[in-house]
Amino acid sequence: MLLHLKQLLTSEELHQVRQILDAADAPWIDGRSSAGAQAAQVKNNEQLAQNSPQAAQLRPLILRALQREPLFFSAALPRKIYNPLFNRYRPEAPTYGPHIDGAVLHSHADDQWVRTDVSCTVFLAEPDEYDGGELTIHDTFGPQRVKLPAGDAVLYPGTSLHSVAPVTRGARLASFLWIESMVRSDEQRRLLFELDMQLLRLRQQHGETSETTALTGVYHNLLRMWAST
Ligand code: NI
């Protein structure tokens, strides 16, 4: 499932992020330093040094934004979140070819292993600031090309093959992270998300009824059956 989270960051947050990432002293390093052997062959971008004060300042801002977004919780059912990372694509280091992210990654910032069930990209540059740079996700319905307004995010299954199209002008800035979900299966998470969204709509239309109460019970009992904590 692909899910678009609109205006995940407020304009003030986005402004703050951009001041840090656009500054001359932002510590951008070769993105290959954090890639596995297969990915390193197709990866040519830059990443913000994880151990820098800039990264330490930006991580909580992204995490707070995710945590206040109810759609994020409903879709990802997070158990653990990998510390957000930041990348930049420019014509000098323009692309990341097709790859699948490592299944289990070690997050140095908080010293934990995270299974990458769900991937998240938060766009930090406006689409007209750069040419190219579409996140291309190869899913069962064919390739999906994603290029969102700054401050918006996309969630997609960690199991999917994906790439970033070459940037030919300007700079594409983004934060990316992974979520280990309480519900490992994408299919099961999707069913729970559908049920949750339809319940929300039923409540908006009819208020609380004995049917919505019963269906909420079904939601929780499915979650109980499928979730591990
Ligand atoms: Ni990736």
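The structure holds 13 salt bridges, in what is a predicted model. Among them are the pairs of aspartate 22 with arginine 18, aspartate 131 with arginine 169, and glutamate 208 with arginine 203. The chain is assigned two domains, domain 1 (3-181) and domain 2 (186-226), and across their interface the rule finds zero salt bridges.

- Aspartate 22 and arginine 18 form a salt bridge in which the closest N and O atoms are 2.9 Å apart.
- Both aspartate 22 and arginine 18 belong to helix α1 (residues 11-22), where four residues, about one turn of the helix, separate them.
- Aspartate 22 has a relative accessible area of 46% and is therefore partly exposed.
- Arginine 18, with a relative accessible area of 18%, falls under the 20% cut-off and so counts as buried.

- Aspartate 131 pairs with arginine 169 in a salt bridge, with 2.9 Å between the closest N and O atoms.
- This pair links distant parts of the chain, as aspartate 131 is in strand β11 (residues 130-132) and arginine 169 is in strand β16 (residues 167-170), 38 residues apart.
- Aspartate 131 is partly exposed, at 33% relative accessibility.
- Arginine 169 is partly exposed, at 36% relative accessibility.

**Other salt bridges**

- In the salt bridge of glutamate 208 with arginine 203, the closest N and O atoms are 2.4 Å apart.
- Glutamate 208 has 47% relative accessibility and counts as partly exposed.
- Arginine 203 has 30% relative accessibility and counts as partly exposed.
- A network of salt bridges links Glu46, Arg88, Arg90 and Glu92.

**Domains and their interface**

- The centres of domain 1 and domain 2, taken over C-alpha atoms, are separated by 30 Å.
- Ten residues from domain 1 and eight residues from domain 2 take part in the contact.
- About 690 Å² is buried between domain 1 and domain 2, with 65% of it on carbon and sulfur atoms.
- On the domain 1 side, the residues that lose the most area to domain 2 are Ser74, Ala75 and Leu77, which together account for 54% of what that side buries.
- Across the interface of domain 1 and domain 2, the rule finds one residue pair in polar contact, both residues at pLDDT 80 or more.
- Helix α4 (residues 70-76) gives the most to the side of domain 1 that touches domain 2, contributing four residues.
- That side of domain 1 is made up of seven nonpolar, two polar and one charged residues.

- Glutamine 7 is located in the loop between β1 (3-5) and α1.
- At 66% relative accessibility, glutamine 7 lies over the 50% cut-off and so counts as exposed.
- Leaving aside residues up to four places away in sequence, glutamine 7 touches Gly151 and Asp152.
- Glycine 158 is 151 residues from glutamine 7 in sequence, and the two are 22 Å apart in space, C-alpha to C-alpha.

Note on methods: Residues are numbered from 1 along each chain as its sequence is written. This is a predicted model: local features need pLDDT of at least 70, side-chain atom pairs count only at pLDDT 80 or more; totals for chains, interfaces and linings use all residues. Side-chain values use heavy atoms; hydrogens and water are left out. Domain bounds come from an automatic or database domain assignment. Contact means heavy atoms within 4.5 Å. Buried area is the accessible area (1.4 Å probe) that two parts lose on being put together, summed over both. A salt bridge is a side-chain nitrogen of Lys or Arg within 4 Å of a carboxyl oxygen of Asp or Glu. A polar contact is a pair of N or O atoms within 3.5 Å; within protein, one must be able to donate a hydrogen and the other to accept it, and residues adjacent in sequence count only if both atoms are side-chain atoms. Helices (H or I, at least four residues) and strands (E, at least two) are DSSP runs, numbered from the N terminus. Ala, Val, Leu, Ile, Met, Phe, Trp, Tyr, Cys and Pro count as nonpolar, Asp, Glu, Lys and Arg as charged, and the others, Gly among them, as polar. Buried means under 20% relative accessible area, exposed over 50%, partly exposed in between (1.4 Å probe, protein chains only).
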